[in-house]
Amino acid sequence: MTRREFVNLLSGTVVGWPFVAQAQQGAPRHIGVLGADPTVWNSWTVAFVARLRELGWIAGDTVDIEYRWAGGSSKRVSDFTAEFLRRHVDVIVTYGSAAAILQQATTTTPIVLAVAFDPIGPAAASAPAAENITGISIQQPELIGKRLELLREVVPQLRRLVIMVNAGYAAPMLEAEKTKTIAQGLGLEAARLEIWRSEDIAPAFEAITGKADALYVVSDALIAANRSLVTTLALSARLPTILSYGDYVEAGGLMSYGPNYANLFRRAADMVDKILHGTKPADIPVEQPNKFELVINLATARAIGLTVPSTVIARADGLIERGGANSSR
């Protein structure tokens, strides 16, 4: 993946890189973490801080870390970005769907995207390179086919697929459309179920009651912030659900296939370390996950009357047997 492709998801005009370290010799450096939801991000930020410590950055001593939680709200992203810029943080760590807002606010403060969608489709030739941004692409489009394959193995009677997506952001909508296209190519009936805010989720489930054999959830900050609601409603509807990472499954979802997010945040810490030592974000290559995990909640499967084939169980990296205890991750 080229840097041009990675930053094609961003908008706005980008100027050159004028970054100069602001902290005085011996003063703590300042990191702003702009996340979606503290419950979802907790294990990831623990991994992030642990890796920083391994690299010599001690929270509260050599580095100050401030956390802000947007809960999927673009207004909160904008407000917290402005706050971080007023406080002159050395680097902002955030997620892909917040990136465009940050890029409109600053072309100089370093930004590390700990998790970001790949751009889908050809990169626009006119898209400028963003010199103050780097991060990790989670390769969502490439995982769609694998998730649908797993879903068909677990739900052999699958004919009607509903794709839940936050319609407020371009990248999730692009994944949803690509999922629909791939599903239709497999002979499935597929339709998008669009939401814009937390209050839309419960009515959305009511709308698909009895009209779907399975649910594909396109993850983003809004849905992640409402993961317990999504998984609870899917369980109540006895609807098999495929998700993007294991935290959803630990919250009661049926199964997920995607990267280990805690590991991604450790790698984001490596990028932050380089930036704090003076490396320009433009000189830090965009990375991609190199390991993907299949996690299955067998308790949820039993609750919705589903038997997971032994061949799928044998391939799982994590199995949740009962009470949220993860037996093998």
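Asp-37 lies in the loop between strand S1 and helix H2 (38–54); helices (H or I, at least four residues) and strands (E, at least two) are DSSP runs, numbered from the N terminus. The model is predicted, so local features need pLDDT of at least 70 and side-chain atom pairs count only at pLDDT 80 or more, whereas totals for chains, interfaces and linings use all residues. Residues are numbered from 1 along each chain as its sequence is written, and side-chain values use heavy atoms, with hydrogens and water left out.

Asp-37 is buried, a term that denotes under 20% relative accessible area, with exposed meaning over 50% and partly exposed in between (1.4 Å probe, protein chains only). Despite this, Asp-37 has no salt bridge, defined as a side-chain nitrogen of Lys or Arg within 4 Å of a carboxyl oxygen of Asp or Glu. The nearest side chain of opposite charge is that of Arg-227, 5.7 Å away; Lys and Arg count as positive and Asp and Glu as negative, while His and the chain ends are not counted. What does the side chain of Asp-37 reach? It reaches the backbone nitrogen of Thr-39 at 3.0 Å and that of Val-40 at 3.1 Å. Leaving aside residues up to four places away in sequence, Asp-37 touches Trp-69 and Ala-225, where contact means heavy atoms within 4.5 Å.

Arg-227 also belongs to helix H9 (residues 227–236), in which Arg-227, Val-230, Thr-231 and Ala-234 are buried. These residues lie on the same side of H9 because they cover an arc of only 90° around the axis, the arc being that of the directions from the helix axis to the C-beta atoms. After H9 comes Arg-238, with a positive phi near 55°.

Helix H3 (residues 74–86) has 13 residues and spans 18 Å from its first C-alpha to its last, close to the 18 Å expected at 1.5 Å a residue; the expected span is 1.5 Å times one less than the number of residues. Its buried residues are Val-77, Phe-80, Thr-81, Glu-83 and Phe-84. They share one side of H3, because their arc around the axis is only 160°. Their cover includes strands S1 (29–35), S2 (63–69) and S3 (91–95), together with helix H4 (99–105). On the face turned away from the buried side, H3 carries the exposed residues Lys-75 and Arg-86. Just after H3, His-88 takes a positive phi of about 55°.

The protein as a whole contains 13 helices and 13 strands. Of its 329 residues, 53% count as buried.

Notes. A polar contact is a pair of N or O atoms within 3.5 Å; within protein, one must be able to donate a hydrogen and the other to accept it, and residues adjacent in sequence count only if both atoms are side-chain atoms.
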